[in-house]
Amino acid sequence: MDRSSHSRSRRLAPVVAVAAAAALTLAGCSSSSGGKKSEEGGSNASAGKANTPRMTVALVTHQSPGDTFWDIVRKGAEAAAAKDNIKLVYSADPNAGSQANLVQNAVDQKVDGIALTLAKPDAMKDVIKKATAAKIPVVGLNSGVSDWKKLGLLQFFGQDEGVAGEAFGKKLNEVGAKKAVCVIQEQGNIGLTQRCDGVKKTFSGTTETLYVNGTDMPSVKSTITAKLKQDSSIDYVVTLGAPIALTAVQSVGDAGSKAKVATFDLNNQLTSAIKKGDIQFAVDQQPYLQGYLAVDSLWLYKNNGNYSGGGEQPVLTGPAFVDKSNVDQVAQFAAKGTR
């Protein structure tokens, strides 16, 4: 994930890479692909396959239908699975109770490891205890940087959402913003709340929070449009995901607003929007890296007893800003669906 020296200077947190044990021999590669719930993955990876015993790892996230962010997470996880001779079983549900049930299914199936997100940590507490009691190692990714240790997870891979939000607020100050609306697409998601709270902490202007239903894009569009029509003083729309940002651009046009749009997270379409100037900047948390490292860490733990971060510190994959100054370097990877 190397970038230009300019983009490295803009990086706000280190990326810690996990190296595979060199003593383990690699052989030929075979893999399969899957879809949404409880399906196997591991396609499109070019690395060799470890000759260690076959493992089964469950990756359980809070992905909402249509959220392309998680396609990038999954690609990273599948690449690690193909390399490490892992059968990857992916499942997702944005409802916290349903996600916990998916984790319970993985425990009942006696998988060799579980990687999960902690968007709503309290809902996952009991099932994590059950996995631990069953001697199944559990690691976290993406959401839950403040909660993974107290819930008993071995390792965590992601960005500190509060820190990312604070960096975003400072960036708004730099570009001269005066009034921002922070759009949350999933109520109760702790990571999204932390992002907006971080923005409010450092942004010297006025910030409002606007809740939308991220699974209903027409509703997202109309809600943002109505807000911009109601308050013409809003000069920045802050979104917390690439699909919401691209929809917000349409809302700005429909409302006849002069507001600009900036966002957290990337996809291929969003890098194009940055190039065109429709999106001013984005915070990249490198979701491919999150999926890859989470799955690879379980292989390393089983085969070499390794703890990333020593089991004490999270492995930070972001935040870093992407704007017109460095988007070309990132866009070449986004076009492949890995950024």
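What volume does the largest pocket have?

Analyst: The model under discussion is predicted. Its largest pocket has a volume of about 500 Å³. The lining comprises 33 residues, of which Ser-64, Asp-67, Gln-185, Glu-186 and Leu-192 are the closest to the centre of the pocket. Sorted by class, the lining holds 12 nonpolar, 15 polar and 6 charged residues. Three helices, α2, α6 (190-202) and α8 (242-255), each contribute at least two residues to this lining.

Strand β4 (residues 55-61) is largely enclosed by the rest of the structure, because 6 of its 7 residues are buried. From β4 the chain passes through helix α2 (residues 69-83) to β5, in a right-handed β-α-β crossover. β4 and β5 (residues 86-92) are paired in parallel over 7 bridges, and Met-55 faces Ile-86 of β5. β4 is also joined to strand β6 (residues 113-116), again in the parallel sense, by 4 bridges; here Leu-59 is opposite Ala-115 of β6.

The loop between α2 and β5 contains Asn-85. The phi of this residue is positive, near 60°, although Asn-85 is not glycine. Most residues other than glycine have a negative phi. Asn-85 has a relative accessible area of 12% and therefore counts as buried, the cut-off being under 20%.

All 6 of the 6 residues of strand β9 (residues 179-184) are buried, so β9 is largely enclosed by the rest of the structure. In a regular strand the side chains alternate between the two faces of the sheet. In β9, Lys-179, Val-181 and Val-183 point one way, while Ala-180, Cys-182 and Ile-184 point the other way, and all are buried. β9 pairs with β10 in the parallel sense over 6 bridges, with Val-181 opposite Glu-208 of β10. β9 also pairs with strand β11 (residues 236-239), in parallel over 4 bridges, and there Val-183 has Thr-239 as its bridge partner.

These strands belong to an open sheet of 6 strands with mixed pairing, in the order β10-β9-β11-β12-β13-β15. Its edge strands are β10 (206-211) and β15 (320-322), each of which pairs on one side only. From one strand to the next the twist averages 25°. Strand β13 (residues 282-284) pairs with β15 in the antiparallel sense over 3 bridges, and Val-283 has Phe-321 as its bridge partner in β15.

Asp-265 is in the loop between β12 (260-264) and α9 (268-276). Its phi is near 80°, a positive value in a residue other than glycine, and Asp-265 is buried at 7% relative accessibility. Pro-319 lies in the loop between β14 (315-316) and β15, and the peptide bond from Gly-318 to Pro-319 is cis, with omega near 10°. Most peptide bonds are trans.

How values were computed
Residues numbered from 1 in each chain as written. Predicted model: local features only at pLDDT ≥ 70, side-chain atom pairs only at ≥ 80, totals over all residues. Heavy atoms only, no water. Buried < 20%, exposed > 50% of the residue type's maximum accessible area, 1.4 Å probe, protein only. Pairing = 2+ DSSP bridges. Right-handed = clockwise from strand over helix to strand, strands pointing away. Axes fitted to C-alpha atoms, helices over the stretch in contact; angles between N-to-C directions. 1 Å grid on protein atoms, 1.4 Å probe; cavity = no way out; pocket = protein on both sides within 12 Å on 5 of 7 lines; lining within 4 Å. Points joined across faces, edges and corners; volume = space filled by probe spheres on them. Nonpolar A, V, L, I, M, F, W, Y, C, P; charged D, E, K, R; others polar.
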